[in-house]
Amino acid sequence: MPEQTSARVGLAPARGKNLDELRRSNLSLALGLIHRRGRLARSELTRELGLNRSTIAALVTELVARGLAVESMPTATGHVGRPSLTITPSQSIAAIAVRPEVDAVTIALVGLGGRVVREVRYDTSGVPSAREVATIVRAIVEGMAITESMSYDIHGVGLAIPGLVRASDGLVVFAPHLGWRDEPLARKLAEQTGFEVSAANDALCGAIAEFTFGAGQGATDMVYLHGGPSGIGGGIVVDGSLVSGAHGYAGELGHTLVNSLGALCHCGATGCLEAEVRREPLLTAVGLDGAHADSLRPALQAALDAGTRPDVRGSRPRTGDHARDRPA
Ligand SMILES: [Zn+2]
């Protein structure tokens, strides 16, 4: 991912060229902070953005007027002094998140503040083509736009792709498990739905989401591992920034060598983490299929609690078998 350069997950210093640009940049920073925190006092916003109180008051007034944020009186905190007004993201602003995989396309309506409002998993009969994914997404998004339009203002679509995505225009350069090469899915969906559509690598999206709303919230450094039917991806955050590495592969932890006598990986190497640890044998061992992958963790825990040790080795040909046969 050479073009997916280091991206700041948190606040980015902005330098507006003129007053209007500065105001827009400050509005963006304020909304970003409200989105990531879910709720914060006006005094916190003032402190974190390093702006004076009257500027913050003007920014919040504009965000509220645009229907992006809501300001309310805080509940009693027991603190001495004048209570600071509380700002929360608007409940009516949402985006559509799409994750195509080898066995299904998952589509979710996600509200500002990171709240998943609704999630639909559409099982495909086989590995879907980009054209099939576009058709499925269009149908489900149109359905959501109709049924949810009373309460949600949908602002765009984001695609989380298990593969290499060009950051500049969302072109799927290569998705090995889906068998896609140079697929302009984001551009086509934008044309077909009229929404703004962006795309990125799924593990990268997962890392940002986990850092912002999940286990990494409040941390400055994080290593994220992402396991799905397409293998293992990852992301590394150092000092609040996603690390891309010299060639953009810093987060490709699925291709870390873990067994030099291990299974052959689709990348051509032997014994990669992704080739050694797969979801499929884990699901099979506890009698689940891909559609019930969310139940994997409790099912494995139940099996272990019951004293059974599920065989999760699978039956993939191992290059190590040949290596051992070879004369020294
Ligand atoms: Zn590999």
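## Reading accessibility

A residue counts as buried when its relative accessible area is under 20%, as exposed when it is over 50%, and as partly exposed in between. Keep those cut-offs in mind for this predicted model, since they come back in several places below. The salt-bridge partner of R166 is D169, with the closest N and O atoms 2.6 Å apart. D169 has a relative accessible area of 40%, so this residue is partly exposed as well.

## The zinc site

Let's turn to the metal. Four residues coordinate the zinc ion: H255 through ND1, and C265, C267 and C272 through SG, at 2.0 to 2.3 Å. The angles that the 4 donor atoms subtend around the zinc ion run from 105 to 117°, and therefore the arrangement is tetrahedral. Along the chain, the donors are spaced as H-x9-C-x1-C-x4-C. Both H255 and C272 lie in the loop between β14 (241–242) and α7 (273–276), so this pair ties together parts that are 17 residues apart in sequence.

C272, at 2%, is buried.

## Salt bridges

The model has 13 salt bridges. One of them joins E48 and R37, with 2.9 Å from N to O. E48 belongs to helix α2 (residues 42–49) and R37 to helix α1 (residues 19–37), so the pair ties together parts that are 11 residues apart in sequence. E48 has a relative accessible area of 31% and is partly exposed; R37 is partly exposed too, at 38%.

Another salt bridge brings together the side chains of E280 and R278, at 3.6 Å from N to O. R278 has 19%, so it counts as buried; the cut-off for buried is under 20%. Salt bridges also link D20, R23, E62 and R66 into a network.

## The five-stranded sheet

Now for the strands. An open sheet of 5 strands runs in the order β6-β5-β4-β7-β11, and its pairing is mixed. β6 (115–123) and β11 (197–201) stand at the edges with a single partner strand each, so one side of each has no neighbour in the sheet. On average, neighbouring strands of this sheet are turned by 20° against each other, direction ignored. As a reminder, strands of a sheet pair through backbone hydrogen bonds, in either a parallel or an antiparallel way.

Strand β4 (residues 93–100) pairs with β5 in the antiparallel sense over 7 bridges, and a hairpin of 3 residues joins β4 to β5. Within this pairing, A94 stands opposite G111 in β5. β5 also pairs with β6, again antiparallel, over 8 bridges. Here A108 has E119 of β6 as its bridge partner, while T106 stands opposite R121 in β6. The hairpin formed by β5 and β6 has 3 residues between the strands, and G113 in the turn has a positive phi of about 100°.

## The three-stranded sheet

An open sheet of 3 strands has the order β8-β9-β10, with antiparallel pairing. β8 (164–165) and β10 (180–183) are at its edges, each with a single partner strand, so one side of each is left without a neighbour in the sheet. β8 runs antiparallel to strand β9 (residues 172–175), and 2 bridges join them.

## Helix α5

Which residues of helix α5 (residues 185–193) are buried? They are L185, A186 and L189. Viewed down the axis of α5, these buried residues fall within an arc of 95°, so they line one face of the helix. Just after α5 comes G194, which takes a positive phi of about 85°.

Methods
Residues are numbered from 1 along each chain as its sequence is written. This is a predicted model: local features need pLDDT of at least 70, side-chain atom pairs count only at pLDDT 80 or more; totals for chains, interfaces and linings use all residues. Side-chain values use heavy atoms; hydrogens and water are left out. Donors are N, O and S atoms within 2.8 Å of the metal (3.2 Å for Na, K and Ca); water is not among the atoms, so sites may look incomplete. Four donors count as tetrahedral if all angles lie between 85 and 135 degrees; four count as square planar and six as octahedral if opposite donors are over 155 degrees apart and all others between 65 and 115; anything else is irregular. Helices (H or I, at least four residues) and strands (E, at least two) are DSSP runs, numbered from the N terminus. Buried means under 20% relative accessible area, exposed over 50%, partly exposed in between (1.4 Å probe, protein chains only). A salt bridge is a side-chain nitrogen of Lys or Arg within 4 Å of a carboxyl oxygen of Asp or Glu. The arc is that of the directions from the helix axis to the C-beta atoms. Two strands pair if DSSP finds at least two bridges between them. Axes are lines fitted to C-alpha atoms, for helices over the stretch in contact, and angles run from 0 to 180 degrees between N-to-C directions.
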